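Let's walk through this protein one piece at a time. Keep the picture open beside you and find each part as it comes up.

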Amino acid sequence: MTKIIITGSKGRMGQALLNCAARIPDLEVGGAVDQSDDLGAIIGQSDVVIDFSFHSATLGIAELCAKHKKAVVIGTTGHSAEEKAKIVALRAQIPMVMATNFSTGVNTLFWLTRKAAEILGPAFDLEVVEMHHRLKKDAPSGTATTLLEILGDVRKLQLEDALRHGRKGIVGERTQNEIGIHAIRGGDVVGDHTVIFANNGERVELTHKASSRDTFANGALRAAQWLVNQKPGLYDMQDVLGLK
Ligand SMILES: NC(=O)c1ccc[n+]([C@@H]2O[C@H](COP(=O)([O-])OP(=O)(O)OC[C@H]3O[C@@H](n4cnc5c(N)ncnc54)[C@H](O)[C@@H]3O)[C@@H](O)[C@H]2O)c1
């Protein structure tokens, strides 16, 4: 039996996690924490904390996990580089899974994106388009950021220089050393991501569309069950799915 605590429990993902956890027999919810609740008071009741809250909350939650030697699954996105560096530094003390997307389909998209970029090569222009519901707070999405990191890695491009966030005005002709990123917001879209590889005469588009948050929730719960048996370290969903 794996005992979990969910932080961000009143949010869209928190609610999906609670619903999905109730359907998994060997998983028990030891606590549900949202703003103004005291995680420190109940953390002893858990094996793993699952965090889907807000970027500025994750570090404090992860530090509490390290203090109490509890594993942590982090689904929250939008961390600054400084926040992320401090969070991942805790890898030496506890097992952590950090993933911008917990769905099996998106992790397949990550794999396919790397493969396609390697096969198609530098002649193809790269653009990423993501769409999310109107209430999403960070942009571009964490998933889009992972896709951009994969593309930057294959093309050996520094993202600070290469990224073009939308385009406006007399931007000039597109260069080979740029990657476009476009964040669309509207309605109740759970999460759409498309990677476009465009060349003269042809283009390849890889698209994933999530229609239910349960796909992320079930992936995060699977990660939590996997994580309790791991040594301290930083893992991602590709580790959980055995894709490495
Ligand atoms: N990794 C993935 O697969 C994945 C999938 C979907 C969403 N997300 C990310 O998860 C996060 C939550 O998404 P959401 O749509 O559920 O957002 P949401 O705004 O619906 O919910 C966030 C919840 O966190 C709570 N919260 C804020 N600060 C807190 C704190 N200090 N302690 C405890 N709770 C706190 C809020 O009150 C709210 O209830 C976002 O960063 C989002 O991008 C990740």
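Start with helix α8, whose 14 residues should span 20 Å at 1.5 Å a residue; its end C-alpha atoms lie 19 Å apart, which agrees. The expected span of a helix is 1.5 Å times one less than its number of residues. Helices here are DSSP runs of H or I with at least four residues, strands are runs of E with at least two, and both are numbered from the N terminus. You are looking at a predicted model, in which local features need pLDDT of at least 70 and side-chain atom pairs count only at pLDDT 80 or more, while totals for chains, interfaces and linings use all residues. Residues are numbered from 1 along each chain as its sequence is written.

How many residues of α8 are buried? The helix is mostly covered, with 11 of its 14 residues buried, including Phe 216, Leu 221 and Trp 226. A residue is buried if 20 or more other C-beta atoms lie within 10 Å of its own, exposed if 12 or fewer, and partly exposed in between, with C-beta atoms placed from the backbone.

Now see what α8 (residues 214-227) lies across: β1, β2, β3, β4 and β5, running at about 160 degrees to β4. Axes are lines fitted to C-alpha atoms, for helices over the stretch in contact, and angles run from 0 to 180 degrees between N-to-C directions.

Those strands belong to an open sheet of six, in the order β2-β1-β3-β4-β5-β11, with parallel pairing. Because β2 (27-33) and β11 (233-235) stand at the edges with a single partner strand each, one side of each has no neighbour in the sheet. Neighbouring strands of the sheet are turned by 20 degrees against each other on average, direction ignored. Two strands pair if DSSP finds at least two bridges between them; β3 (residues 48-51) and β4 (residues 71-74) pair over four bridges. There, Val 48 stands opposite Ala 71 in β4.

Next, find Gln 230 in the loop between α8 and β11. Gln 230 counts as partly exposed because it has 15 C-beta neighbours inside 10 Å. Leaving aside its neighbours within four places in sequence, Gln 230 is in contact with Pro 95 and Tyr 235, where contact means C-beta atoms, placed from the backbone, within 7 Å. Gln 230 and Ala 71 are 159 residues apart along the chain, yet their C-alpha atoms are separated by 9.0 Å.

Definitions and conventions: Contact = placed C-beta atoms within 7 Å.
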